[in-house]
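Thanks for making time this morning. I would like to walk you through one model, moving from a single pair of side chains out to the chain as a whole.

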Amino acid sequence: KPACKVGPLRCMQSRSEIALVLRRFRREHSRASRGQALVEMAIVLPLLMLLLVLSLDFGRVFFGWVGLHNASRIAANEAARNPKAWDGDADPQDAAGQDRYYELVERDLEALNCTVDADADGDLADDLPQPVYTNRSQTADPYELGDLVQVDLTCDFEFITPLASIFFGNPFTIGAGSHFHV
C-alpha cells in the first residue's frame, strides 16, 4: 500500500475497510465506557435540579419584590392624593379614604407569594403600616402641598427549597418603600 499523507481513513481502498476500522474502534471504546454516562448523569442531574429550583425561588423572590415595590408606590400615590384621610379628624370621608388606601394595597398584594397578614385574620388594615407624612413646607400642617408621604411595606416570603431556607432563613423578609409629594 502506498504511504498516505492525508490521513488513514482516506487512504483505505474500500468502504468495507473504513467500516471495519470504525466497528473495531466502537467495540474497544464501548467496553471501557459502559455505564459511565449513567454514573455521570446520576451525579450531575441532582445538581441541575437544585440549580433549577433555586433559580425558581430567586425568580419568585424577585417577582415578590417587584410587586411589593409596586404596591408601595400605589399606596404612596393614594396617600399623597388623599392626605386629609390621615390628619386625625373624625370625618366620614377620612374613613373612606383610608379604606380605599387599604383596598388598593390589599388588591396589589394578593398576587404576591408573600405573607402580609401577620395575625391571619383576613384583614390587612391592622397589618399594613400607615403612611408617614413629613412636613417639608415648614408649616404646622404636614398634609399640605409640598409635603412628603412615605409608605414602607414588608412581607415574609416562603422558599420552596430547603437549601435556600438554610442560607437565607425561612421566611425571608423583603421590603419596599416609596415616597410621593402631596
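This is a predicted model: local features need pLDDT of at least 70, side-chain atom pairs count only at pLDDT 80 or more; totals for chains, interfaces and linings use all residues.

Let me start with a question: how many residues apart in helix H3 are Arg 60 and Asp 57, and what does that separation come to in helical turns? They are three residues apart, so about one helical turn separates them, where helices (H or I, at least four residues) and strands (E, at least two) are DSSP runs numbered from the N terminus.

Residues are numbered from 1 along each chain as its sequence is written, and side-chain values use heavy atoms, with hydrogens and water left out.

Back to that pair: the side chains of Arg 60 and Asp 57 form a salt bridge at 3.2 Å, N to O, the term meaning a side-chain nitrogen of Lys or Arg within 4 Å of a carboxyl oxygen of Asp or Glu. Asp 57 counts as buried at 1% relative accessibility, whereas Arg 60 is partly exposed at 23%; here buried means under 20% relative accessible area, exposed over 50%, and partly exposed in between, with a 1.4 Å probe and protein chains only.

By this rule the count comes to three salt bridges. Another joins Glu 78 and Arg 81, with the closest N and O atoms 3.5 Å apart, and these two also lie three residues apart in helix H3; Glu 78 is buried at 8%, but Arg 81 is exposed at 62%. In helix H4, Arg 107 and Glu 103 are four residues apart, again about one helical turn, and their closest N and O atoms are 2.9 Å apart, with Arg 107 partly exposed at 47% and Glu 103 partly exposed at 42%.

How do the two helices sit against each other? The axes of H3 (residues 36-81) and H4 (residues 92-109) come within 9 Å and cross at roughly 165°, the axes being lines fitted to C-alpha atoms over the stretch in contact, with angles from 0 to 180 degrees between N-to-C directions. The two are therefore roughly antiparallel, a label for angles over 145 degrees, as against under 35 for roughly parallel, 65 to 115 for roughly perpendicular and oblique for the rest.

Finally, the whole protein chain has five helices and four strands, and buried residues make up 25% of its 182 residues.
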